[in-house]
2 protein chains.
Amino acid sequence: MARPREFDPEEAMDKAMTLFWDVGYEEASLSELLAAMEITKGSFYKAFQDKQSIYLASLDRYNDNVISGTVAYLSDAAQGTGRDRILGLFEKVAQAVKADGDRLGCFLCNALIDKAAEGGEAENKLQAMVHRLENAFFKALSDDRPRDDAGNRETARGVLSAYFGLRVLGRAGLSTQMAADCIRQVERLLER
Amino acid sequence: MARPREFDPEEAMDKAMTLFWDVGYEEASLSELLAAMEITKGSFYKAFQDKQSIYLASLDRYNDNVISGTVAYLSDAAQGTGRDRILGLFEKVAQAVKADGDRLGCFLCNALIDKAAEGGEAENKLQAMVHRLENAFFKALSDDRPRDDAGNRETARGVLSAYFGLRVLGRAGLSTQMAADCIRQVERLLER
DNA sequence: ACGATTAGGAACCGATCGGTACAAAACACA
DNA sequence: TGTGTTTTGTACCGATCGGTTCCTAATCGT
């Protein structure tokens, strides 16, 4: 061993992820990245390969931390019925939109729109995350109504698109009332 | 008068709009813009002020052409009931996603995610477009059920978020089946 | 105490960014 | 056929882009 690094790579990655999350790939310049991560170029290129690969790593990190958390919440029976959990998630999203002045939204949703993803490795990662979310909704629905696979799959997809829709509207700065209305409509999807 | 211009400003604007639509503000470099518009720098800066203002003009153009078309379709009684028109719109979106290899999606939706919009004039334009869409859904619903303003407003917002959700999933490259499932869920929102 | 080894930081790289200046080219009008 | 006016293309601008080089600073094992 020799000189130890002066920064926490995990922390730095988190800062990088948040910046990509906030402004997307292109808009996050290397200098902004360095400022956010509080390291200099030397350390950056030593610890991470380049901008592209730290972006991919950020996607993985989001998958491992945020998406996994959401999936866990959706399948946590302690949170109530499947319906309760799904509505709870939407409630949390609405809260986040209301509280979060910066309107981060959902990294997955943002990255899907961000053209930087297209074609390469990123696209596969994103599609995998979309499927994880869809399946999490599906399983939550199946907990309540175990025998209706076809119906639950359909509903899961409807809920998924409502989820992304709410995220988009969040970036538009939707009102509390509008968020509440959107959630009421999700409730109707869960009815029957 | 003197030397006439050799390009059609309307056509050039259309090309610019399509590029912004496709890749967003930052990712559309000036040289890509010039290539797409098939003009050179001199003409560009003479005819349009700068990159920022042609972007704003692109948003206006999208509003005037595409959004207006959508709004007109949603309020065209010749297309059937309000329900028919809304489902028809979703059907068209699904078709576009299936056909369109480039997966343009919806400029409004993309721009909402694109951080370039934030804070300035663009944000107002985007919010105005969101409201136009919401109101168009609302009116279509009101044609079928004239007395339920509160319910229609709520449903309109749910449909709006489903619309954006479908657009996001479109960028993710959703399957025909998935699009069909999403639309079936919109049908359920329109029920009752 | 002393190499070996690694991190940190600054100088530097060519390329490209958005934007300007200006001269040559192409028209209208006289 | 000038002459004035506008468009067009090109050369150029400083700034910044992502990335590399390389020297110095710091800490290890011995």
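## The surface near DNA strand C

Three helices each supply at least two residues of the surface near DNA strand C: α3 (41–47) of chain A, and α2 (30–37) and α3 (41–47) of chain B. Helices here are DSSP runs of H or I with at least four residues, numbered from the N terminus. α3(A) gives the most, with three residues.

This is a predicted model: local features need pLDDT of at least 70, side-chain atom pairs count only at pLDDT 80 or more, and totals for chains, interfaces and linings use all residues. Residues are numbered from 1 along each chain as its sequence is written, chains are lettered from A and ligands numbered from 1 in the order in which they are written, and side-chain values use heavy atoms, leaving out hydrogens and water.

A side-chain N or O atom of Arg3(A) is 3.2 Å from a base nitrogen of DNA strand C. The side chain of Thr40(A) has an N or O atom 2.7 Å from a phosphate oxygen.

## Where the chains meet

The size of an interface is often given as the accessible area lost when the parts come together. Chain B and chain A bury about 3800 Å² between them, 56% of it on carbon and sulfur atoms. That area uses a 1.4 Å probe and is summed over both parts. Each chain is represented: 44 residues from chain B and 44 residues from chain A. Contact means heavy atoms within 4.5 Å.

Eight salt bridges are counted between chain B and chain A. Each is a side-chain nitrogen of Lys or Arg within 4 Å of a carboxyl oxygen of Asp or Glu. One of them joins Arg157(B) and Asp181(A), with the closest N and O atoms 2.8 Å apart. On the side of chain B that touches chain A, α8(B) gives the most, with 14 residues.

## Thr155(B)

Thr155(B) sits in helix α8 (residues 149–171) of chain B. Thr155(B) counts as buried because its relative accessible area is 3%, and buried means under 20% (1.4 Å probe, protein chains only). Beyond neighbours within four places in sequence, Thr155(B) is in contact with Gln185(A), Arg188(A), Leu141(B), Leu189(B) and Leu190(B).

Notes
Buried means under 20% relative accessible area, exposed over 50%, partly exposed in between (1.4 Å probe, protein chains only). A polar contact is a pair of N or O atoms within 3.5 Å; within protein, one must be able to donate a hydrogen and the other to accept it, and residues adjacent in sequence count only if both atoms are side-chain atoms. Buried area is the accessible area (1.4 Å probe) that two parts lose on being put together, summed over both.
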